[in-house]
Amino acid sequence: MRHKARGVVARKKGAPVEVLDILVPDPGPGEALVAVQACGVCHTDLHYREGGIGTEFPYLLGHEAAGVVEAVGPGVRNVRPGDFVVLNWRAVCGQCRSCRRGRSQYCFDTHNARQPMTLEDGTPLTTALGIGAFAEKTLVAAGQCTKVDPESDPAVAGLLGCGVMAGIGAAVNTAPVRLGDTVAVIGCGGVGCAAVAGADFSGARQVIAVDLDSRKLAWAEQLGATDLVNARHADPVEAIRTLTGGVGADVVIDAVGRPETFQQAFYARDLAGTVVLVGVPGPEMDLDLPLIDVFSRGGAIKSSWYGDCLPERDFPALVELHQQGGIDLDAFVTERIALEEVETAFDRMHNGEVLRSVVVL
């Protein structure tokens with residue numbers, strides 16, 4: 001049986017997305033059918049539309065989502081119909097060399113659904129990050145479903161599926177920020193503001209937010225930044241050093257992912273400090289750093305993949321923390337929109353007008 005649903009599809013590179021009828025199969029072995037309740041509009045979806053991630057059009061976009069399991073296929077044990085879940089794009093295999101060494105957050109063989117969703121004419125759809133959740137229903141690997149408190153607001157909980165988890169995890173898991181650390185975050189969109197919130201939660205005594213946009217700096221302040229640097233008016237490296245007594249921050253998180261912001265992060269940290277790259281660079285970007293500086297400054301340079309999270313561990317914990325008032329995840333939801341408004345939401349996101357637009361179904 002195939003279920004008809006509406007979904008947001010990118011037919012070809014650079015073209016506006018369309019809301020089309022799609023066909024979603026019943027779940028096969030190891031798969032789950034999910035009725036999507038909310039899905040955040042993430043830069044990754046725009047990268048797919050622009051051909052920046054792949055060329056396997058048409059794409060069914062959306063991946064930062066929460067919903068309710070409607071059906072499961074044979075062999076599924078982790079979820080059952082009626083479970084409220086956040087979708088994740090790292091369904092760990094449990095068998096690869098990383099999983100066997102107890103490093104499942106770096107799993108090299110994550111699972112996706114095997115059956116394709118299609119357009120009505122049978123054209124297979126490539127799903128964004130193996131999820132495809134700008135749709136009323138989607139088919140995923142059961143391991144991509146993480147159960148959280150069913151009392152959660154889907155528009156809020158779903159953001160843990162990508163950007164918010166990436167930012168919080170960069171601070172909490174990857175760095176990790178320790179009690180009393182000084183932290184700087186370069187780039188204060190959704191991921192950067194989440195890194196600010198993660199650093200504040202971890203006990204940083206100083207969190208310096210850096211951006212070109214005063215609106216984003218205001219959001220960062222709301223989420224825990226103690227100092228704000230507008231990079232249009234001040235050199236970020238010098239400003240961070242000045243704010244930290246001339247030595248630089250213990251941890252600097254680059255939430256932009258460009259060579260120039262990475263260099264700023266590298267030189268804005270204290271000796272033996274840590275640089276974390278969580279912003280995703282383009283494949284054409286190169287980095288030029290004097291090797292002697294890499295050696296002489298010591299410390300650590302880290303890349304943060306999905307905030308080095310384990311969804312089954314981190315998602316429920318962060319939902320509970322939010323419900324207890326520990327992290328204000330509500331602050332990330334700027335607006336709630338319909339499927340038909342995704343194209344407009346891309347423009348608002350590109351222009352820095354929102355932290356997150358969230359499609360609510």
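Predicted model: local features only at pLDDT ≥ 70, side-chain atom pairs only at ≥ 80, totals over all residues.

**A walk through the model**

Let's start with Ile301, which lies in strand E16, residues 300–303. Strands here are DSSP runs of E with at least two residues, helices are runs of H or I with at least four, and both are numbered from the N terminus. Residues are numbered from 1 along each chain as its sequence is written, and side-chain values use heavy atoms, with hydrogens and water left out.

Back to Ile301. The cut-offs are under 20% relative accessible area for buried, over 50% for exposed, and partly exposed in between, with a 1.4 Å probe and protein chains only. Together with Leu291 and Val294, Ile301 forms a nonpolar surface patch of about 280 Å² accessible area. Those areas come from the Shrake-Rupley method with a 1.4 Å probe, and for residues only the protein chains shown count as cover. A patch takes residues with over 30% relative accessible area and no salt bridge, joining nonpolar side chains (Val, Leu, Ile, Met, Phe, Trp, Tyr) within 5 Å and like charges within 9 Å. A salt bridge, in turn, is a side-chain nitrogen of Lys or Arg within 4 Å of a carboxyl oxygen of Asp or Glu.

Now, helix H4, residues 163–174. Ten of its twelve residues are buried, so H4 is largely enclosed by the rest of the structure. Among the buried ones are Gly163, Met165, Ile168 and Thr174. What do the buried residues of H4 pack against? Strands E5 (64–72), E14 (249–254), E15 and E16, plus helices H5 (190–201) and H10 (311–323). Contact, by the way, means heavy atoms within 4.5 Å.

Strand E9, residues 137–141, is another enclosed piece: five of its five residues are buried, so the rest of the structure largely encloses it. E9 runs antiparallel to strand E3 (residues 31–40), with five bridges joining them; DSSP has to find at least two bridges for strands to pair. Within that pairing, Val34 sits opposite Thr138.

His3 touches this region too. It lies in strand E1, residues 2–10, and is buried because its relative accessibility is 15%. Beyond four places in sequence, the contacts of His3 include Leu33 and Lys137. The side chain of His3 also makes a polar contact with that of Asp26, at 2.6 Å. Polar contact means N or O atoms within 3.5 Å; within protein, one must be able to donate a hydrogen and the other to accept it, and residues adjacent in sequence count only if both atoms are side-chain atoms.

Most residues other than glycine have a negative phi, and most peptide bonds are trans. Leu129, in the loop between strand E8 (126–127) and E9, has a phi near 50°. Ala272, in strand E15, has a positive phi of about 65° and is exposed at 56%. And Phe57 and Pro58 are joined by a cis peptide bond, with omega about 0°. Pro58 is in the loop between helix H1 (43–49) and strand E4 (59–60).

That's my tour; over to you.
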